[in-house]
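Work through the exercises below with the model open. Try each task before you read its solution.

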Amino acid sequence: MLEVRQLSKVFFEQNDPSKPGLVALYDVSFSVRKNEFVCLLGPSGCGKTTLIRVIAGLIQADRGEIRVDGKPVTAPGRDRCMVFQQFGLLPWRTVLGNVEFGLEIDGIPREQRREISRRYLELVGLHGFENYYPHQISGGMQQRVGIARALSKEPDILLMDEPFGAVDAQTREQLQEELLKIWSKTDTTVIFVTHSIDESVYLSDRVIVMQSRPGRIKEEVRVELPRPRWEGDVKADPRFAELRARIRESLRG
């Protein structure tokens, strides 16, 4: 589904581009299968957000290429949708209106886009909240609106940049479980940026561990824990602890 080949990105000082630049990404290569859930994990400054923005087409790489389903990525496209850490909801629009927004821009007729939006709001557990405004619902619910908005476009790849970083620990665990339930009902491939080792192991099929200066891939760890992960206490599984320890050691190294 996704191929990243020898990707590099350098940022230069805006006022003095003659100075040596900051190498945000260096020679990054990996691939992701259809319907795979992959987490990008690493310390601040290792290029996780830059990488996911390049995949989204929001930033151009200096070297290398990205292909989605065999086609080169040169700009944003409907095959990729992004969920940001900040909810990014329009405060003057209702929950339904926010989910409709992208479909409205695409010129989808009103009745059709409302039907699609209602379906995805029900999928994320927000049936009955269609006419509420963002300030009237919790942070976790606002993030679910953002997920519904992205899924309503039916992307091949869902890109998520630390989407649960702004909520409390208990809400974060609930959203992780809900995300897995939603993902299990779709054919969407997910690339998920996180700082949390536990979150990466709980969610993903594979964890790509990154290191900084320059930002590059250090290790890929396959997570062979049974699914669905919300049944039982997968975090009590000895294999979970082993994976967590292995990834922590990789990050320290």
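Predicted model: local features only at pLDDT ≥ 70, side-chain atom pairs only at ≥ 80, totals over all residues.

**Exercise 1. Is T50 buried or exposed, and what does T50 touch?**

First, locate the residue. T50 belongs to helix α1 (residues 48–56). Then check its surface. T50 is at 13% relative accessibility, so T50 counts as buried. Finally, list the partners. Beyond four places in sequence, T50 touches K9, F11, A24 and L25. A24 and L25 are also among the contacts of C46.

**Exercise 2. Describe the surroundings of G139.**

G139 is in helix α4 (residues 139–151). Its relative accessibility is 26%, so G139 counts as partly exposed. Not counting residues up to four places away, G139 touches F87 and V167. Now compare sequence and space for V167. G139 and V167 are 28 residues apart along the chain, and their C-alpha atoms are separated by 6.4 Å.

**Exercise 3. At what angle do α2 and α4 pack, and which residues meet?**

Two packed helices are described by the angle between their axes and the distance between the axes. Helix α2 (residues 95–105) and α4 pack at about 35°, with axes 8 Å apart. Axes are lines fitted to C-alpha atoms, for helices over the stretch in contact, and angles run from 0 to 180 degrees between N-to-C directions.

Then the residues. V95, N98 and V99 of α2 meet V145, A148 and R149 of α4. By class, this contact has 4 nonpolar, 1 polar and 1 charged residues. Ala, Val, Leu, Ile, Met, Phe, Trp, Tyr, Cys and Pro count as nonpolar, Asp, Glu, Lys and Arg as charged, and the others, Gly among them, as polar.

**Exercise 4. How many aromatic pairs are there?**

Set the rule first. Rings of Phe, Tyr and Trp (its six-membered ring) pair if their centres lie within 6.5 Å; planes under 30 degrees apart count as stacked, over 60 as edge-to-face and the rest as tilted. The count comes to 4 aromatic pairs.

One of them is F37 with W183: edge-to-face, 5.4 Å centre to centre, 85° between the planes. This pair links distant parts of the chain, 146 residues apart: F37 is in strand β3 (residues 37–41), W183 in helix α5 (residues 169–184). F37 counts as buried because its relative accessibility is 0%. W183 counts as buried at 10%.

Another pair is F129 with Y132: tilted, 5.2 Å centre to centre, 50° between the planes. F129 is partly exposed at 28%, and Y132 is partly exposed at 37%.

Now look for a cluster. F37, F164, W183 and F192 form one.

**Exercise 5. Find backbone features in the loops.**

Check omega first. A cis peptide bond joins R213 and P214, with omega about -5°. P214 lies in the loop between β9 (206–211) and β10 (216–222). The peptide bond from R227 to P228 is also cis, with omega near 0°. P228 is in the loop between β10 and α7 (238–252).

Then check phi. E154 has a positive phi near 50° and is not a glycine. E154 is found in the loop between α4 and β7 (157–161). E162, not a glycine either, has a positive phi of about 45°. E162 lies in the loop between β7 and α5. E162 is buried, with a relative accessible area of 16%.

Methods:
Residues numbered from 1 in each chain as written. Heavy atoms only, no water. Helix = DSSP H or I, 4+ residues; strand = E, 2+ residues; numbered from the N terminus. Buried < 20%, exposed > 50% of the residue type's maximum accessible area, 1.4 Å probe, protein only. Contact = heavy atoms within 4.5 Å.
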